[in-house]
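Here is a friendly note to read alongside the model. Please keep the viewer open and look up each residue as you go.

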Amino acid sequence: MTPLTQRRAWKALEAHHQKIKKLHLRDLFAADPKRGERMTAEAVGIYLDYSKNRITDETLSLLIQLAGESGLRERIDAMFRGEKINITETRAVLHVALRAPRGASIVIDGENVAPRVHAVLDKMSDFSSRVRSGAWKGHTGKPIRNIVNIGIGGSDLGPVMAYEALKHYSDRSLTFRFVSNIDGADFAESVRDLDPSETLFIVASKTFTTLETMTNAHTARDWSLKGLGGDEKAVARHFVAVSTNAAEVAKFGIDTANMFEFWDWVGGRYSMDSAIGLSTMVAIGPDSFRSMLDGFHQMDEHFRTAPFDRNLPVLMGLLAVWYNNLFNAQTVAVLPYDQYLKRFPAYLQQLTMESSGKRVTLAGAEVTCETGPIYWGEPGTNGQHSFYQLIHQGTRLIPCDFIVFGQTLNPPGRHHDMLVANVFAQTEALAFGKTPEQVKAEGTPEWLVPHRVFEGNRPSNTILAERLTPQALGKLVALYEHSVFTQGVIWDIDSFDQWGVELGKVLAQRMIPELESTAEPNLSHDSSTNSLIRRYRRLKESSGPDPAQQ
Ligand code: F6P
């Protein structure tokens with residue numbers, strides 16, 4: 001692939017950027033009264049208003065040219081065909097197969113995987129229904145009331161985000177907890193008020209070797225057995241696994257009959273709709289889970305078939321590239337105006353940054369441009385009273401995605417109109433600002449005017465859907481998945497590997513014995529690391545009683 005900066009459309013975009021970079025959204029809107037209706041796209045029930053971006057029609061057509069020249073169409077087709085586009089791991093990338101309808105045909109290495117996907121979904125449905133109805137009994141014969149998902153990264157962020165997002169649809173008689181951190185406090189606080197005889201652990205790990213998950217799973221096993229009288233048979237009633245690794249699951253002591261399978265062509269950060277979503281299915285029930293999958297699938301089909309100028313993920317991906325590479329914006333703020341989406345920005349951080357945090361191209365050459373921007377955010381309106389100041393009046397350009405729904409799930413009172421008014425007001429204020437003339441006309445003393453001016457011209461997308469349903473969540477997640485895909489194609493990177501997390505893992509494994517050994521270890525790290533280890537060992541030895549217990 002020709003390096004990005006040498007592609008024809010890129011060069012044209014750079015020249016175009018020079019021409020229009022100072023254009024103000026005020027002028028763009030004034031010159032085209034229909035801009036706010038025209039620069040929008042709608043598909044599968046999601047409305048995207050991208051008119052408040054610093055673009056013209058020419059920008060869009062050049063970005064779409066860039067997508068064409070970068071081979072986006074071919075790469076989309078290759079992904080859906082099951083080609084091994086994750087080249088550094090020689091794997092297909094087929095999260096889209098997880099939500100393909102029954103009867104679909106998606107072939108990898110000569111095998112149609114759709115029937116296997118649906119067999120696992122059926123097994124999950126059966127299990128979830130038994131837990132929800134109380135038919136699945138714990139070791140002492142009591143029904144399960146608490147479900148604890150143990151996993152990390154993609155095996156945690158998707159489940160916890162989906163549980164929070166879809167809480168409205170969940171069985172409120174069940175308690176859900178999510179344990180991820182190796183910090184013992186996470187496990188301890190998650191189970192402190194739970195009864196082991198009513199608690200089921202879902203150990204969710206693609207590899208079933210991840211340090212955090214396996215440590216927490218062993219602690220959970222001890223906690224469970226201690227609370228259940230030590231009978232090893234209890235494990236089968238209180239532990240199930242979600243994994244690609246049956247051998248390790250069996251080694252842990254979980255009956256592989258209670259294992260829910262997925263496959264190496266599902267990346268961790270793309271797995272919330274696989275068996276990794278078992279906790280989601282137990283929470284909301286099999287029908288709602290399938291409705292979420294249907295939402296994913298609708299967006300997949302839209303992405304696969306819609307022309308680029310009306311393709312929501314393509315438009316969002318190209319706009320992300322425009323700010324990241326032409327305006328040198330370093331971050332993207334994702335601002336859901338929906339309390340249920342409070343974990344959505346955290347979920348997106350793994351999806352976007354593990355995918356796009358790459359510095360070499362598919363061919364292994366240094367990239368010639370910046371890649372993945374930093375994604376961050378908080379639900380509105382809380383963020384307005386904290387970091388929005390910087391977005392409005394700081395020196396950095398921060399493109400924002402505002403997400404909002406037309407209908408609330410909690411109707412009483414005026415909350416929803418007020419919430420929505422805040423979204424629209426923010427996007428308006430960011431785009432149009434407040435000129436010195438306007439500030440002066442309010443009677444502001446001269447010296448205060450610069451402080452009260454909003455220069456505006458701060459770009460945003462508004463994503464509007466009818467209401468937060470399981471189906472809408474599926475569409476929203478797929479929208480971002482495919483936007484990330486689009487960005488990765490332009491940058492010519494492997495969006496599906498994550499070698500960057502390896503080094504720290506390996507070093508930590510080597511260091512654990514140095515921290516734990518009773519004899520003074522022979523340290524051969526750098527002087528900083530050596531003295532930190534020594535200091536930690538001294539601190540550990542000198543630890544007194546817990547002040548909370550005194
Ligand atoms: O952080 C790296 C990573 O491999 C993620 O991609 C993955 O989601 C997470 O670790 C957990 O891995 P596993 O599901 O194998 O425990």
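Which residue in β8 does Phe-201 stand opposite? Phe-201 stands opposite Phe-239.

1. Before we start: this is a predicted model, where local features need pLDDT of at least 70, side-chain atom pairs count only at pLDDT 80 or more, and totals for chains, interfaces and linings use all residues. Residues are numbered from 1 along each chain as its sequence is written, and side-chain values use heavy atoms, with hydrogens and water left out.

2. Now find the strands (DSSP runs of E, at least two residues; helices are runs of H or I, at least four, and both are numbered from the N terminus). An open sheet is built from 5 strands in the order β6-β5-β7-β8-β9, with parallel pairing. β6 (175–179) and β9 (259–261) are at the edges with a single partner strand each, so one side of each has no neighbour in the sheet. On average, neighbouring strands are turned by 20° against each other, direction ignored.

3. Zoom in on β7 (residues 199–204) and β8 (residues 239–243), which pair in the parallel sense over 4 bridges. Two strands count as paired if DSSP finds at least two bridges between them.

4. Helix α7 (residues 114–133) lies across β5 (146–150), β7, β8 and β9, and runs at about 145° to β9. Axes here are lines fitted to C-alpha atoms, for helices over the stretch in contact, with angles from 0 to 180 degrees between N-to-C directions.

5. Next, the ligand. There are 13 residues around it, and Gly-154, Ser-155, Ser-205, Thr-207 and Thr-210 come nearest (a heavy atom within 4 Å counts as near). A polar side-chain atom of Ser-205 lies 2.6 Å from a ligand oxygen atom; for Glu-354, a polar side-chain atom is 2.8 Å from a ligand oxygen atom. Gly-154 instead brings a backbone N or O atom to 2.6 Å from an oxygen atom of the ligand.

6. Is Ser-205 buried or exposed? Ser-205 counts as buried because its relative accessibility is 3% (buried means under 20% relative accessible area, exposed over 50%, partly exposed in between, with a 1.4 Å probe and protein chains only). Ser-205 sits in the loop between β7 and α10 (211–227). Leaving aside neighbours within four places in sequence, its contacts include Ser-155, Thr-210 and Ile-276 (contact means heavy atoms within 4.5 Å).

Key
Polar contact = N/O pair within 3.5 Å; in protein donor to acceptor, adjacent residues only side chain to side chain.
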